[in-house]
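Here's a quick briefing to read with the model open beside you. Have a look at the structure first, then work through the points by topic.

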Amino acid sequence: MYVRPGAAAAHTIHWVLSPIFAFAIYLAILNLGSTYFRLENYQREAIWSLVHLNTQLQSTQHDIQLYGLGELAVKSLRTRYELLWSKFDITLNNIEQDAMLGDINGLHQAIDESFNEFKAMENRIYSGETIAPDTLDKWIADLSHSHEIINRFLLHEVADADGSYSKSSWHKLLISLYLVAAASLLFFIHIGYLLLTLVRERSDNLFQLSHDSLTGLANRNHAMGMLDEFCREHMFFTLAIIDLNEFKQVNDVHGHPAGDQILMHLSSEFRETLSHHGLVGRLGGDEFIWLVNTTDRELVARYFQKLLERLSQPYLLNEYQLYLRLSAGATTCHGDNPNPKSLMAQADAAMYSAKKARSPEISWYKPDQALEKNFTSIIGIF
Amino acid sequence: MLCGKNCRIAILTLIILTGLGFYISRNYLLMPDGKPMILITNKAGDMSGMEQRSPKLDAPDMLLEMHGAPGSGCPAEEVLSEQQLSSLPQQTFTTHHTWSKDAETFSGPLLADVLSLFCPGRKFRELHLRALDGYAIDLNFPTVDQYRPIIALTLNGERMRVRNKGHLWVMAPLDDYKVPARSLDELLIWQLYQITVNVTG
């Protein structure tokens, strides 16, 4: 069996891999969407808690001032104190739970310190005694300082696109993007591989459709199709029919596998010589056709001579030395005889006359040559 | 042959994976669905609401102001005491939530029961909730009621102070419902002191 090397078959696994890779893309995109919404949510929450902590810090300063002026009851001040306490608590919890917020250097520590300062006010606020104005002033100064620090973190680290919070969140989004890219890449590489396999299989199939499976030469259909085409296009060419003499005896004496071996050897000799100058096809059995793109008989004879030179070396078959002898007949077409049938008959007649004359040279068809009756056996396809 | 063995395997794989995709996206990759369940009407920090507090709330043990909007068919104003809230059937559950690393145990009456106590025999549609820090939300009650929110009176068995988000905190058994993380946070209003029933029907 003559099979072109590199033929690959698509396996079942590919039919499962494609949907799996497509599915991986689907999951990666879902993950990207989910990550985006989560990060957006986290950032909003982070900004939210810091802004509200700051607002409460300001409101508390304001209430302490009002209390100092005697315009606010201690009960309202206590409510305010409790509210600010809860905001500190919530913000610290946010920082602990949101890794990106926790990654901001110094934020947790700054808020923790402010919270501790703030907690120290508790005794005074709940003591029931009037709080001295200088204590109130110190509280206002402390809270104002905390407010400034938090504001700085909020502006430069959380809200700013260059801040470490945004960078950290962008990094996470980027990982999700990479996953989408990786899944897509896998999918497309796989599809590309499948396409390549299909293209190669198709060309293998086409090759096998037009070639003889034993010798790898063009098969009868393909060769005859080419002849038809040459005629239709009114081309100038030479048609030769080559017959291997005494092939039947070889088959009888050495067996069919030996016959096949000889045909394969002969075909490889054809490929080394005649194929360089035209199309060689196997008509069937031991008969071959050669289409040459020239009408120059000398040139054709010279090409053929090269083949004969190669065949003058004996072929070794099971320790036997075999000399392959050919009979070849040819005819030229000058674009004026678009009838492939009669061209075949002419070449065939020429080949028979060569066989009769036992001449290894190419025998050319002469118009007065009688066409042998048995040519129909060769061109039975028409 | 229209669809060979390999093709059938591919189609089968696709069907299995599509089903798996639906399952995964529903259960593990939760997306916000954009249903307007809660509308934040007043951000925390806006204290203008504090001056509107009913003076009755200053009396000992008084915890929750209830208001009925004109046309809602509910009483104009009532202040519920801790005792009244405690006398309703108490729900207790332990759940994770945004504001704590560990799961915590909440206990208190269902929001639905509190509303019925204030305004019996009504179906509640639109509510307005306010917190001490000025945070306020409008919410569509039937939409959130599916999560069985309670008005928590205790956290881990202890009464809450304002500093730890008390005295009242709306909480839902989040762990029982597969909702996207943080998606119900806006409902879980802490330092709650006032509920207004805007629309019933």
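Start just past helix H8 of chain A: His234(A) there takes a positive phi of about 55°. (Helices, H or I of at least four residues, and strands, E of at least two, are DSSP runs numbered from the N terminus.) Keep in mind that this is a predicted model, where local features need pLDDT of at least 70 and side-chain atom pairs count only at pLDDT 80 or more, while totals for chains, interfaces and linings use all residues. Residues are numbered from 1 along each chain as its sequence is written, and chains are lettered from A and ligands numbered from 1 in the order in which they are written.

**Helix H8 of chain A**

- H8(A) covers residues 220–232, and its end C-alpha atoms are 18 Å apart, which agrees with the 18 Å that 13 residues should span at 1.5 Å a residue (the expected span is 1.5 Å times one less than the number of residues).
- Its buried residues are Ala223(A), Leu227(A), Phe230(A) and Cys231(A); buried takes 20 or more other C-beta atoms within 10 Å of a residue's own, exposed 12 or fewer, and partly exposed is in between, with C-beta atoms placed from the backbone.
- Those four sit on the same side of H8(A), because they cover an arc of only 100° around the axis (the arc is that of the directions from the helix axis to the C-beta atoms).
- On the face turned away from that buried side, you'll find the exposed residues Glu229(A) and Arg232(A).
- The cover over the buried residues of H8(A) includes strands S1 (236–244), S2 (278–284) and S3 (287–292), plus helix H12 (340–357), all of chain A.

**Where chain A meets chain B**

- The contact draws 30 residues from chain A and 29 residues from chain B; two residues are in contact if their C-beta atoms, placed from the backbone, lie within 7 Å.
- On the chain A side, helices H1 (12–68) and H2 (74–97) are the elements that give two or more residues, and H1(A) gives the most, with 20 residues.
- That side splits into 12 nonpolar, 14 polar and 4 charged residues (Ala, Val, Leu, Ile, Met, Phe, Trp, Tyr, Cys and Pro count as nonpolar, Asp, Glu, Lys and Arg as charged, and the others, Gly among them, as polar).

**Nonpolar cores**

- A nonpolar core is a set of buried Ala, Val, Leu, Ile, Met, Phe, Trp, Tyr and Cys residues joined through C-beta atoms within 7 Å.
- The largest has 69 residues, and Ile151(B), Ala152(B), Ile189(B) and Leu192(B) touch the most other members.
- H1(A) gives the most to this core, with 7 residues.
- A second, separate core of 45 residues includes Ile241(A), Ile289(A), Val300(A) and Ala345(A).

**Thr154 of chain B**

- Thr154(B) is in strand S9 (residues 154–155) of chain B and counts as partly exposed, with 17 C-beta neighbours inside 10 Å.
- Leaving out residues up to four places away in sequence, Thr154(B) touches Ser107(B), Gly108(B) and Arg159(B).

**Chain B and confidence**

- Chain B has 4 helices and 12 strands, and 31% of its 201 residues count as buried.
- Its pLDDT averages 84, with 88% of the residues at 70 or above (pLDDT is the predictor's confidence in each residue, from 0 to 100).
- Among its elements, strand S1 (residues 38–42) has the lowest mean pLDDT (68) and strand S8 (residues 150–152) the highest (95).
- For the complex, the predictor gives an ipTM of 0.78 and a pTM of 0.63.
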